[in-house]
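This briefing is intended for a reader meeting the structure for the first time. Please view the sequence and the model together before turning to the points below.

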Amino acid sequence: MTPESTPRGVLIPLLVIATAQLMLVLDDSIVNIALPSIQTEFAVDPVHLPWVVNAYIVAFGALLLLGGRVGDVWGRRRTLQIGIAVFVLASLVGGLAQGTEVLVAARAAQGIGAAMAAPNALALIATTFADRRTRDSALSLYGAMSGLGIVVGLLLGGVLTGTLGWRWVFFINIPIGLIVLLGSRTLATPDRQGGRLGFLDAVWGTAGMLALVYAITRFGENGFGDPVAYALVAGAGVLLTFFVLTQRASHTPLVPLSLFRDRNRVGAYLTMLGLAIGPMGAFYVITLYLQQVLEYSPLRTGLSWLPFAAGLVVGAGAAPKLLAQLAPRVVAAAGALIAAGSVLWFSSISTTTGYWLHLAPAMILLGLGFGLGAITLTQAAVSHVNADKAGIASALLNSAQQIGVALGLAILAGVAAGVTAQTQEVGGEALVTGYGAALLVGAVILAASAVVAAMALDKTPWHVDEPAVSALSQS
């Protein structure tokens, strides 16, 4: 009996994969609202406080490629289970931490677990759901979790910190993770492809990714004059160049360069990078604006982003239907342009901007555009890929999104801080000037992503009876 023989056989694996993705993504944001409480309890230096967030982002982004390859070689379900188990254990340690060092180490361990679980959750969609309609629905739900997790993280972070205390932003992962582990037994099992992991290749690639993501976070913390960050970028360039050369010569590469011969897939990766920069950077800026200018409480700030969630659900639900009739390049470019328009709308904020007539409509459009784009790019990244490369193809998409999140925070936060420091205005007016400039940059990035999508993605629709993942449905 296949996993899709009964409604239960479809529903439980779908919920398991969606819940796993939701849990991993919400940890990008759930700790943010708890930072003031953590700083007060541990007397954390403001310079070190961002690492409670950055340790997760750096480990997650740097190890995604290795996590995807491990899944291809050792089995995706088993790698997903190990990743979730590491994530749950690290969450327990973080919740019990009595000092900053242990807390930051626990966050890094969460990132390691997430890097093992996330790419394999996406790859398991293709191996678990053979029917194209079911697979499209699963991909839509998976993509929606990528954006919805950020909102859920803010909401949960506000509620838990304000009621049970900041430690519960870690403890909440334990029951969720255990449920995912229990349900993961319903996922497809014949997914081990064999082959060599390539330890030395993993060292070069992981070190290069680690240096790159760390450099991005330093730019966000210290601005674009940080010499250490530029040295890290140079080091990342050398390491990644050497990594590419070794992959070209290897018979069992960690990242098969053949994946980049497909213009549609490369376009998906590049577009996802920009699509993550714009909305996630805007998310950061507007969240600061709501609290620092409009003086919203943490809980009210989280609730204020519910229109984004509504737009995201609509966009994610509409994308598969549109992809059956329109070319992927049209759907993805339209999504990026809608998101660009919403961020441009955001950029006109002032100290007296109204929520219902200005912010809420822009949030809906941002969610709609991101939902359309993310679903299209998720499908494009795994389209027509061989089964033994599904994990790494998924990991590359996740890497593009995670690096985009880090870049969005760094670029928009840097622009906002720089413009605010140079303006002659003071107080809320100065902050708004910086925020507006940063959001304008975000809109330009999203518009550029729309151009990339229009030029690189497929120009013919994906029909329902066309196998999107040729070899995967047979594994």
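**Pocket, core and selected residues**

Helix α16 contributes nine residues to the lining of the largest pocket, the most of any element. The model described here is a predicted one.

**The largest pocket**

- The volume of the largest pocket is about 1,100 Å³.
- Its lining is made up of 38 residues, and those nearest the centre are N32, L35, Y284, L288 and L409.
- Two or more lining residues come from each of α2 (35-42), α3 (51-74), α6 (132-163), α9 (199-222), α11, α16 (390-422) and α17 (427-456).

**The largest nonpolar core**

- The largest nonpolar core holds 142 residues, and the members that touch the most others are Y289, L290, W305, F346, L359 and M363.
- The element that gives the most to this core is helix α15 (residues 355-382), which supplies 14 residues.
- Beyond the residues up to four places away in sequence, W305 touches V151, L154, F283, I286, T287, L290, F346, M363 and L366.

**Helix α15**

- Of the 28 residues of α15, 22 are buried, and the helix is therefore mostly covered, a residue being buried when its relative accessible area is under 20%.
- Just after α15, residue H384 adopts a positive phi of about 60°.

- T287 belongs to helix α11 (residues 263-292).
- T287 counts as buried because its relative accessibility is 10%, and the limit for a buried residue is under 20%.
- The side chains of T287 and W305 are joined by a polar contact of 3.2 Å.
- When neighbours within four places in sequence are set aside, T287 is in contact with L154, T301 and W305.
- E295 is located in the loop between α11 and α12 (298-304).
- Although E295 is not a glycine, its phi is positive, at about 60°.
- Is E295 buried or exposed? With a relative accessibility of 65%, E295 counts as exposed, since the term applies to values over 50%.

**L439 in helix α17**

- L439 lies in helix α17 and, at 0% relative accessibility, counts as buried.
- Apart from residues up to four places away in sequence, L439 touches A282, V285, I286, V343, F346, S347 and I349.
- F346, one of the residues touched by L439, is also in the list of residues touched by W305.
- L439 and K321 are 118 residues apart along the chain, and their C-alpha atoms are separated by 31 Å.

**Q110 in helix α5**

- Q110 is placed in helix α5 (residues 100-128).
- The relative accessibility of Q110 is 0%, and Q110 therefore counts as buried.
- Residues up to four places away in sequence aside, Q110 touches D27, Y56, F87, A90, S91, F170 and N173.

Key. Residues numbered from 1 in each chain as written. Predicted model: local features only at pLDDT ≥ 70, side-chain atom pairs only at ≥ 80, totals over all residues. Heavy atoms only, no water. Core = buried A, V, L, I, M, F, W, Y, C linked by side-chain atoms within 4.5 Å. Buried < 20%, exposed > 50% of the residue type's maximum accessible area, 1.4 Å probe, protein only. Helix = DSSP H or I, 4+ residues; strand = E, 2+ residues; numbered from the N terminus. Contact = heavy atoms within 4.5 Å. Polar contact = N/O pair within 3.5 Å; in protein donor to acceptor, adjacent residues only side chain to side chain. 1 Å grid on protein atoms, 1.4 Å probe; cavity = no way out; pocket = protein on both sides within 12 Å on 5 of 7 lines; lining within 4 Å. Points joined across faces, edges and corners; volume = space filled by probe spheres on them.
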